Amino acid sequence: MASPQGSRAPLEFGGPLGAAALMLLLPVTMFHLLLVARSGPARLLGPPPYLPGLEELWSPWALLLCLTWLGLQAALYLLPARKVAEGQELKDKSRLRYPINGFQALMLTALLVGLGVSAGLPLSALPEMLLPLAFAATLTAFIFSLLLYLKALVAPASARAPGGNSGNLIYDFFLGRELNPRICSFDFKYFCELRPGLIGWVLINLALLMQEAELRGSPSLAMWLVNGFQLLYVGDALWYEEAVLTTMDIIHDGFGFMLAFGDLAWVPFTYSLQAQFLLYHPQPLGWPLASFICLINAVGYYIFRGANSQKNTFRKNPSDPRVADLETISTATGRRLLVSGWWGMVRHPNYLGDLIMALAWSLPCGVFHLLPYFYLLYFTALLVHREDRDERQCLQKYGLAWHEYCRRVPYRIVPYVY
C-alpha cells in the first residue's frame with residue numbers, strides 16, 4: 001500500500017516483489033551472459049560453464065578503474081558545453097538546465113584513449129577483466145542507488161518522481177524516489193543516462209576488436225561491422241543528446257537502482273555481447289552478405305533517425321517547413337499529435353528502426369547460436385513494455401484525443417503486425 005505521503009501512481013514492474021526479483025535477476029543475467037559468451041557451447045539457455053568465486057569477481061584494480069572512468073566522464077561533463085538546453089517544466093513550474101556536450105565527451109575520450117594506446121596502454125587486456133569490472137560496476141550501482149535513496153529523504157515533495165514514492169522501501173529503492181537528483185548543477189540521472197555506459201560500451205567493443213587482432217592477425221569483417229554499427233548508434237545518441245530530455249527516463253522515472261544499474265553496468269557489459277561472442281567464436285563473413293547486413297542496418301537507422309528528427313523538429317517548432325504540412329490531432333492540453341509522416345505509419349516508428357538495427361548487429365554472428373540474439377530478444381521485450389507504459393500515460397494525459405489517435409494509427413511498432 002502507498003503511504004499517505006507517497007505517490008498514488010499505480011505500481012509497475014510487478015510492485016515490490018517484481019522489483020526485488022529484477023534486482024536479483026538483472027545482475028545474474030548479466031554475469032551469465034559474460035560467462036557463456038566465452039564458453040565453447042555459448043548456450044544462452046544452458047547453465048554457465050562454471051560459477052566464479054569471489055576471488056575471480058572482486059578486484060580492487062577493477063573498482064579503481066571503474067571509479068576512474070566515472071571520474072573522467074564526470075570531468076568531461078563539467079567542461080564548457082556547445083549548448084545548454086532547458087528541460088521540461090517541473091511541478092514547481094521551473095525548468096532545469098542541461099549541458100549538451102555528450103558528443104564532445106565521446107571525441108575527447110577517443111583522443112585520450114588513442115594517446116594512451118600509442119603510449120603503451122594495454123587496452124586489449126580489457127576483455128580479460130570484464131567479470132571483475134562488471135562486478136565493480138554492479139557494486140557501484142548498488143551503493144550509488146543507496147546514496148540516491150538517502151538523498152531523496154531530504155528532497156522537497158516537488159522534487160519526487162511520480163512513481164517512486166510508494167512507501168515500500170524495496171520498490172522505491174528500485175524505481176528511484178527523486179526525479180532529478182542534483183548537486184549544484186550536476187544532474188546525476190542525466191549524466192548517467194548516456195555518458196559512462198554508452199561510451200564504455202564502445203570502449204569495450206574496441207578492446208575486443210584489438211584483442212581479436214592480436215589473436216588472429218587482424219580483426220574479422222564481422223567484428224568490424226559490429227563495432228561500426230554500434231559506434232554509429234552511440235555517436236547518434238550523443239550527437240542528438242538534447243532529445244533525451246523528452247524521454248520517459250528523464251521526464252517520468254525517478255533515479256534509483258533500475259536506471260543506475262542499467263546505465264552503469266547493464267549497458268556496457270551486455271550491449272557488447274556480439275563483440276564478446278565474436279572474439280571467442282569467430283564467424284566467416286563474405287562481402288556479399290556483409291553488404292546485405294549493412295543495408296539492413298542502414299534501413300533501420302534511416303527509420304530511427306527520420307522518426308526521431310521529425311518528432312523533435314515538431315516539438316521545437318510545429319511551424320517548421322519540414323513538419324508544417326503534417327496532419328495532427330489537437331488535444332485538451334494544447335499539444336498536437338502527429339498522424340502523418342513517420343508517426344502516421346505506426347505509433348512508435350523509432351522503436352521499429354531500433355529493432356531493425358538490433359537484428360543487423362546480431363546477423364554478423366551467424367545464425368547457429370541464439371546467444372548473440374539476446375540483445376534483439378531483450379530489446380523487443382523492453383520496447384514492448386515501454387510502449388505499453390507510454391500508451392497508459394498518453395491515455396491519461398490526452399484522453400479522447402489519444403483514442404482518436406489510436407484509431408487513426410492502429411499499429412504500435414510493426415505495421416500490420418503489432
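Predicted model: local features only at pLDDT ≥ 70, side-chain atom pairs only at ≥ 80, totals over all residues.
A residue is called buried here when its relative accessible area is under 20%, exposed when that area is over 50%, and partly exposed in between, using a 1.4 Å probe and the protein chains only. By that rule Phe-186 is buried, with a relative accessible area of 13%. Residues are numbered from 1 along each chain as its sequence is written, and side-chain values use heavy atoms, with hydrogens and water left out.

Let us start with the whole protein. Its secondary structure comes to 16 helices and six strands; helices (H or I, at least four residues) and strands (E, at least two) are DSSP runs, numbered from the N terminus. The C-alpha atoms fill a box of roughly 60 × 50 × 45 Å along the principal axes. For 418 residues, a compact globule would have a radius of gyration near 22 Å, and the protein agrees with its 22 Å. That radius is taken over C-alpha atoms, and the globule rule is 2.2 Å times the number of residues to the power 0.38.

What share of the residues count as buried? Of the 418 residues, 53% do. The accessible surface comes to about 19300 Å², and 68% of it belongs to carbon and sulfur atoms; these areas come from the Shrake-Rupley method with a 1.4 Å probe, and for residues only the protein chains shown count as cover. Contacts (heavy atoms within 4.5 Å) also tell us something about the fold: among those between residues at least 6 apart in sequence, 77% join residues at least 24 apart. As for charge, the mean positions of the 31 positive and 28 negative charges are 6 Å apart. Lys and Arg count as positive and Asp and Glu as negative, while His and the chain ends are not counted; each charge is placed at NZ of Lys, CZ of Arg, CG of Asp or CD of Glu.

Next, the record. An unreviewed UniProt entry lists residues 17-37, 57-79, 100-123, 129-150, 255-273, 285-304 and 355-384 under "transmembrane region". UniProt positions are given in the numbering used here, feature names are shortened, and annotations may be inferred rather than shown by experiment. In the model, residues 17-37 are 100% helix and 0% strand, with end C-alpha atoms 30 Å apart. Residues 100-123 are 71% helix and 0% strand, and their end C-alpha atoms are 28 Å apart.

Phe-13, in the segment before α1, has a positive phi of about 60° although it is not a glycine. Most residues other than glycine have a negative phi. In helix α1 (residues 15-37) you will find His-32, which is buried at 16% relative accessible area. Leaving out residues up to four places away in sequence, His-32 touches Arg-43, Leu-44, Gly-46, Pro-47 and Pro-48.

Leu-79 sits in the loop between α3 (60-77) and β1 (84-86) and is partly exposed, at 33% relative accessibility. Beyond its neighbours within four places, Leu-79 is in contact with Asn-101, Gln-104 and Leu-108. Leu-79 and Gln-104 are 25 residues apart in sequence, and their C-alpha atoms are 9.2 Å apart.

Residues up to four places away aside, Ala-161 touches Gly-176, Arg-177, Glu-178, Leu-179, His-252, Asp-253 and Gly-254. Ala-161 and Gly-176 are 15 residues apart in sequence and 7.2 Å apart from C-alpha to C-alpha.

Cys-184 lies in the loop between β3 (182-183) and β4 (186-187). Cys-184 is exposed, with a relative accessible area of 77%, and has a positive phi of about 55° although it is not a glycine. That brings us back to Phe-186, which lies in strand β4. Apart from neighbours within four places, Phe-186 is in contact with Ala-74, Tyr-77, Leu-78, Pro-181 and Phe-191. Phe-186 and Phe-292 are 106 residues apart in sequence, with 44 Å between their C-alpha atoms.

Our last stop is helix α12 (residues 273-280), which is largely enclosed by the rest of the structure because seven of its eight residues are buried. Those buried residues are Leu-273, Gln-274, Ala-275, Gln-276, Phe-277, Leu-278 and Leu-279.
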